[in-house]
Amino acid sequence: MNSEEEFYDAETGLESDDSCEVSFKDALVFDSKPVTDGSATQENGVWERRKILPAEMISRNNFSVWSILKKCIGMELSKIAMPVVFNEPLSFLQRISEYMEHTHLIHKACSLSDSIERMQVVAAFAVSAVASQWERTGKPFNPLLGETYELVREDECYRLISEQVSHHPPVSAFHAESLKKEFKFHGSIYPKLKFWGKSVEAEPKGTMTLELLKHKEAYTWTNPMCCVHNIILGKLWIEQYGTVEIVNHSTGDKCVLNFKPCGMFGKELHKVEGYIQDKSKKKRLVIYGKWTECMYSVDPKVYDASKKTGGDSKKLKQEHSCEGEEADEMPEVQETVTVIPGSALLWRITPRPAHSAQMYNFTSFAMTLNELEPSMERLLAPTDCRLRPDIRAMENGDIDTASTEKERLEEKQRAARRERSQDKEEWSTRWFQLRTNPYTGAEDWLYTGGYFDRNYSDCPNIY
């Protein structure tokens with residue numbers, strides 16, 4: 001463990017060097033969800049969610065991505081066909097649904113009476129929504145136009161529907177809602193990918209909107225940038241960076257989070273720091289932590305005092321490592337989050353299963369997303385990506401069938417587009433319409449309803 005002095009005071013009350021849990025007697029804990037392996041219990045023969053994939057991750061050792069990307073430096077990659085071996089066995093629509101892994105934070109926010117307390121928990125949820133990306137270096141399958149994904153979790157009291165509403169440019173829309181009518185969470189994402197020679201930079205353009213219905217509040221934000229390093233040579237690693245601004249459109253409260261770039265020597269790797277201010281612009285709380293571990297909040301005066309007494313006097317120049325001239329070697333991960341006494345724990349990541357590295361670095365939650373539950377197939381829309389044969393084949397370890405099916409589906413999609421062009425027909429989305437987001441005033445793909453009525457007779461045949 002690196003012994004270099006950290007930004008904050010020395011750690012207090014940590015159970016171990018590798019843990020972000022604290023044992024302060026007076027600590028306020030907002031994330032009280034018990035840590036589990038992500039599986040449902042099984043009682044009286046009730047079905048239990050799977051804990052592993054049907055087959056281990058397919059080796060990429062005999063494949064060179066450079067032969068494909070060497071002519072794409074500086075280009076947007078959404079139109080570049082990649083070999084299936086570089087994918088993970090999930091559609092991007094399923095990847096989006098991983099925002100919901102820590103839904104208990106939304107439920108917690110709904111239960112709080114103070115708007116600043118709600119904001120800090122919403123901020124923790126915004127960070128948790130991107131935490132599953134850590135070490136997920138496989139590319140999700142591009143959704144086909146009209147593809148959908150539904151996720152119903154009665155144990156977490158929500159349901160989600162997503163649809164690929166545009167192919168060029170690729171746009172994915174999603175809508176999640178509480179089964180108890182406590183919240184709505186929705187957005188549309190236009191992922192822009194660019195190749196910079198030894199790294200791929202992903203800009204997840206699009207706005208997230210969270211509505212807490214009981215409090216008549218709406219929060220909006222955009223996700224941080226993501227960079228995957230060492231695409232050509234070396235160990236792949238991920239960093240996220242950029243400013244995320246969360247606005248409460250009802251109260252005027254705002255949270256500004258800075259996802260820090262790696263910087264020199266990796267001192268800032270994974271760090272997130274920011275603050276919450278009220279409508280009068282008074283700073284009410286400081287938020288800090290790592291998006292790969294946990295997030296805390298603390299009083300600004302306590303934070304400032306800690307910074308003065310325990311701050312690192314050395315000012316390291318931070319450089320954007322995506323654009324460095326040297327090899328993008330993964331920095332040594334610094335000590336875990338240094339907790340300031342008096343902090344409140346907002347969120348901590350759910351530990352990944354022991355076999356995650358052999359399963360595309362999936363979380364326990366991700367392991368379940370492509371599973372066909374008993375009797376589910378007769379209920380799903382025919383466009384649901386659980387029914388995609390290429391993803392199913394890859395999940396089962398059959399790379400040849402996955403590649404053949406991927407090419408077949410892509411050609412079928414191109415043929416359908418040519419036919420619409422000849423007939424001068426426009427594609428019509430099924431569950432979302434391009435409208436105006438009532439909180440931001442910008443164009444957004446909003447759910448029109450009706451999916452869970454289970455009438456799919458007019459769904460397109462895309463598989």
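1. Buried here means under 20% relative accessible area, exposed means over 50%, and partly exposed lies in between, with a 1.4 Å probe and protein chains only. The model is a predicted one, in which local features need pLDDT of at least 70, side-chain atom pairs count only at pLDDT 80 or more, and totals for chains, interfaces and linings use all residues. Residues are numbered from 1 along each chain as its sequence is written, and side-chain values use heavy atoms, with hydrogens and water left out.

2. Over the whole structure, the search returns 23 salt bridges, a salt bridge being a side-chain nitrogen of Lys or Arg within 4 Å of a carboxyl oxygen of Asp or Glu. Side chains of opposite charge can pair when their charged atoms come close.

3. How far apart are the closest N and O atoms of Arg95 and Glu88? They are 3.0 Å apart, in a salt bridge, and Glu88 is buried at 0% relative accessibility, while Arg95 is buried at 12%. Both residues also belong to a network of salt bridges that links Glu88, Arg95, Glu98 and Arg136.

4. Glu268 and Lys260 form another salt bridge, with 3.4 Å between the closest N and O atoms, and both of these residues are buried.

5. A salt bridge also joins the side chains of Lys51 and Glu48, at 3.7 Å from N to O. Here Lys51 is partly exposed at 41% relative accessibility, and Glu48 is likewise partly exposed, with a relative accessible area of 29%.
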